[in-house]
Amino acid sequence: MRHQLMARVVPRLRRSRELDDEPTERARVQRWHEGLDRSLPTGSTFRFVPRFSVVTEQLPGGFPSYSIVRRGTPPTRIVLYLHGGGFMAPISAWQVRYATRLADRIAARVVMPDYPLAPEHSWRDSHEALVALAARLAAEGELVVAGDSSGGGLALALAESLRDRGGPQPRRLLLISPWVDLTTSTPETASLDETDPWLFIGKVHAYAGWWAGSPDDLARPEVSPGLGDLAGLPPALMFCGTRDLLVPGCRLLVRRARAAGWDLTYVEEPDLIHVYPILPGIPEAGRAWRRTVDFLQR
């Protein structure tokens, strides 16, 4: 019942609806970006300031990265967390809340880069800087690369780039409802448009095109990592619900992972919506959290 309520309330709070057309949506998002407050949204995290410290770093790509640490708790591992939002929305308060839970529970330094957003920017404006950041963090200590939604796809793309370039590698990957195939090559995706209360197929196509920057780049592994080479990647844990427009892409990733011999554990929850593990008050999110902590502490 809690989940059904969340499935109704979240889209209304977000004023979610299908786009009218791509040019209108592009203009709407650009107007929204002009007035955005890009500071770290900590207001939804209980007593954030006395409990956590934040260090801000400017990355070579010209965008900030935030490192969150629990005060008085020396971190024993690093989590590089790539936020979701269709590549066009900034870090959300829910994502910060989830990051602080990781910092608290597994004694992690959680690094959250606030990468440039589409449609003004594409993957080319941040990929190299993010790969360099991930490589540096992997050299500093035990690294987990994590992300939700579009950030989950970005996390997988970084892992593939790190593998291809050699050097220190992440120890684990955590993928929460990841967007791994921006080509939407799975034909069953369109049929889920009627049951997903949050995501819309027209926006998925538009945002994918913005992030790719060119139709020729849609299938690149930096953009659609689910279509890339999956061999030799770190062990991964992935969550998705069946009322999620992205679940066909997750299932495709599982099939390709098996063929590549990649150690990917997949948890699919019936009737649950997009990024349910980071949503508050859902029992299934509690189960996902316990499984995540166990996976990351192994």
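The model is a predicted one, and residues are numbered from 1 along each chain as its sequence is written.

**Strand β4 and its partners**

- Strand β2 (residues 64–70) and β4 run antiparallel and are joined by four bridges, and within this pairing Ser67 stands opposite Val111 of β4.
- Strand β3 (residues 77–82) also pairs with β4 over four bridges, but here the sense is parallel, and the bridge partner of Leu80 in β4 is Val111.
- Helix α4 (residues 93–105) belongs with two of these strands, for β3, α4 and β4 make a right-handed β-α-β unit.

**The nonpolar core**

- In soluble globular proteins, nonpolar side chains tend to be buried together.
- In this model the largest nonpolar core has 99 residues, and those with the most contacts inside it are Val79, Leu80, Tyr81, Leu102, Val110, Leu253 and Trp262.
- Helix α7 (residues 201–212) gives the most to this core, contributing eight residues.
- Leu102 touches Val79, Tyr81, Ala107, Ala108, Val110, Trp289 and Leu296, when residues up to four places away in sequence are not counted.

**An enclosed space**

- Rolling a probe the size of a water molecule over the atoms shows where empty space is left.
- A search of the whole structure finds one cavity of 30 Å³ or more, and the volume of the largest cavity is about 90 Å³.
- This largest cavity is lined by 13 residues, of which Trp179, Asp181, Thr189, Leu245 and Leu246 are the closest to its centre.

**Backbone features in the loops**

- Most residues other than glycine have a negative phi, and most peptide bonds are trans.
- Ala107, which is found in the loop between α4 and β4, has a positive phi of about 50° although it is not a glycine.
- Ala107 counts as buried because its relative accessibility is 18%, which is under the 20% limit for that class.
- Asp271 lies in the loop between β8 (264–269) and α9 (283–297), and its phi is likewise positive, near 70°, in a residue other than glycine.
- Asp271 has a relative accessibility of 35%, so it counts as partly exposed.
- A cis peptide bond, with omega at about 10°, joins Ala118 and Pro119, and Pro119 lies in the loop between β4 and α5 (127–140).

**Two further residues, one buried and one exposed**

- Ser161 has its place in helix α6 (residues 150–165), and it counts as buried because its relative accessibility is 11%.
- Apart from residues up to four places away in sequence, Ser161 touches His127 and Val131.
- Gly62 is in the loop between β1 (52–58) and β2, and because its relative accessibility is 59%, which is over the 50% limit, it counts as exposed.
- Gly62 and Tyr115 are 53 residues apart in sequence, while in space the distance from C-alpha to C-alpha is 8.8 Å.

Definitions and conventions:
Predicted model: local features only at pLDDT ≥ 70, side-chain atom pairs only at ≥ 80, totals over all residues. Heavy atoms only, no water. Helix = DSSP H or I, 4+ residues; strand = E, 2+ residues; numbered from the N terminus. Buried < 20%, exposed > 50% of the residue type's maximum accessible area, 1.4 Å probe, protein only. Contact = heavy atoms within 4.5 Å. Core = buried A, V, L, I, M, F, W, Y, C linked by side-chain atoms within 4.5 Å. Pairing = 2+ DSSP bridges. Right-handed = clockwise from strand over helix to strand, strands pointing away. 1 Å grid on protein atoms, 1.4 Å probe; cavity = no way out; pocket = protein on both sides within 12 Å on 5 of 7 lines; lining within 4 Å. Points joined across faces, edges and corners; volume = space filled by probe spheres on them.
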